[in-house]
Amino acid sequence: MRKRSLIVAVSAALLSGLAAVPAHAEDRALPLPLLPHVPFYRTDTLAAAHRPEPLRTDGLREIDAEYVYDGRVRTVRDFLRRTSTRGYLVLRGEQILDERYFGGYSASSRFNSWSVGKSITSAAVGAALAEGRITSLDDPVTKYLPELAHSGYAGVALRDVLRMASGTSYDETDYADPTKGSTATTIRMVAGTALTDQAREIRRERPAGTRWNYDSMDTFVLGWVLARATGRTLPDYVRERIWQPAGMETPALAGTDYAGNAIAYCCYHATVRDFARFGLLYLREGRAGDRQVLPAQWIRDSTRATEPYLRPGHLRPDKPAAVESTYGYGYQWWLGDGDRGDYAAVGILGQFVYVSPRDGLVIVKASEDLNSEATMGEAIHAFRAVADALRG
């Protein structure tokens with residue numbers, strides 16, 4: 001009970017602190033217990049690969065570039081400073097072009113993925129589909145989880161859950177509000193309410209497959225489906241089908257609740273280089289070395305808008321000026337606007353795994369950005385500026 005009380009206190013301090021600390025932390029590292037990369041929940045370990053995917057580090061240099069955002073000329077260097085970046089890496093092929101750490105972090109530091117983890121869970125869905133453990137994305141959630149037959153997930157297709165279009169009632173618009181969205185879900189989880197019990201409480205708000213609504217519970221349900229369909233815990237399955245086959249160099253951590261359920265919507269703790277290897281897996285259309293880890297078709301399907309309401313500029317028709325309107329949405333991936341074909345895994349506090357197939361580029365950014373909901377829209381412009389500078 002003493003340990004549980006301590007974790008509850010840390011969680012509450014973390015979540016309340018996000019609202020209390022000034023929006024621009026500049027280059028000051030957050031003090032404990034606000035430090036977002038320290039787990040305040042149980043974790044399982046994902047063992048590293050026996051033969052890590054090699055990354056070259058010769059020829060490192062600082063790559064700066066200018067871009068225009070919100071009517072002002074800005075620089076990548078200033079963007080990294082303003083958004084309290086702690087780890088940053090630019091990868092082209094297997095060559096690391098730029099790698100920097102700030103605030104006492106290093107290449108060996110593990111960073112919390114936050115919602116970048118949604119894209120990792122999505123990758124595991126693709127692996128289970130390829131194996132036949134999941135027979136179809138048109139399967140209803142309740143085929144695998146009959147426990148949710150009386151919840152808002154009854155009859156909802158896995159495809160709609162992947163697209164954040166489950167139609168369930170979940171308000172994740174204000175992370176500073178401890179009664180809403182994943183903030184409330186996480187506080188209740190740390191206080192002892194299992195995520196499975198919380199999923200049973202979810203109710204339907206609209207027909208599934210008709211509207212996008214960012215919903216971390218959707219991703220937890222995907223992780224629960226994976227555990228049931230594969231007969232493995234989600235951390236074990238990610239380790240076996242993603243982490244080791246993709247050649248990760250360092251053991252990672254995966255968060256769970258106290259009942260042993262994988263959080264799934266966040267909380268994979270890994271190094272910047274291994275997050276870059278995850279991006280490289282997608283850049284190479286599912287290949288790592290001589291192995292096809294994920295089907296190329298899954299990569300393509302995951303990183304495109306499959307419905308009009310998922311296209312860039314259409315996610316929030318009620319709020320066209322919202323940051324989300326810069327992006328579209330795939331299978332737990334954010335999609336860039338325009339015709340560049342770029343996409344990103346994105347997490348609160350400024351975590352990014354950005355992939356540009358046209359440029360052969362992966363950019364990872366791990367941050368302690370307390371203004372990340374506002375700066376998320378700027379990030380893709382900064383990353384594109386780096387790509388353009390490298391193209392000359």
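**Aromatic pairs**

Mentor: Happy to, and please keep in mind that this is a predicted model. Let us begin with a cluster: ring pairs join Trp-212, Tyr-214, Tyr-327, Tyr-329 and Trp-334. Across the whole structure, a search turns up 17 aromatic pairs. A pair of aromatic rings is described by two things, the distance of the centres and the angle of the planes.

Take Tyr-282 and Trp-333 as one example. Their ring centres are 4.6 Å apart and their planes meet at 45 degrees, so this pair is tilted. The two partners come from distant parts of the chain, 51 residues apart. Tyr-282 belongs to helix H10, which covers residues 272-283, while Trp-333 sits in the loop between strand E11 (328-329) and strand E12 (334-335). As for accessibility, Tyr-282 and Trp-333 are both buried.

Now turn to Tyr-329 and Trp-334, two members of the cluster we began with. Tyr-329 and Trp-334 form an edge-to-face pair, with 5.1 Å from centre to centre and 85 degrees between the planes. Why does this one get that label? Planes over 60 degrees apart count as edge-to-face, and the planes of Tyr-329 and Trp-334 are 85 degrees apart, so the pair falls in that class. Both Tyr-329 and Trp-334 are buried.

How values were computed. Residues numbered from 1 in each chain as written. Predicted model: local features only at pLDDT ≥ 70, side-chain atom pairs only at ≥ 80, totals over all residues. Heavy atoms only, no water. Phe/Tyr/Trp six-rings, centres within 6.5 Å; stacked < 30°, edge-to-face > 60°. Helix = DSSP H or I, 4+ residues; strand = E, 2+ residues; numbered from the N terminus. Buried < 20%, exposed > 50% of the residue type's maximum accessible area, 1.4 Å probe, protein only.
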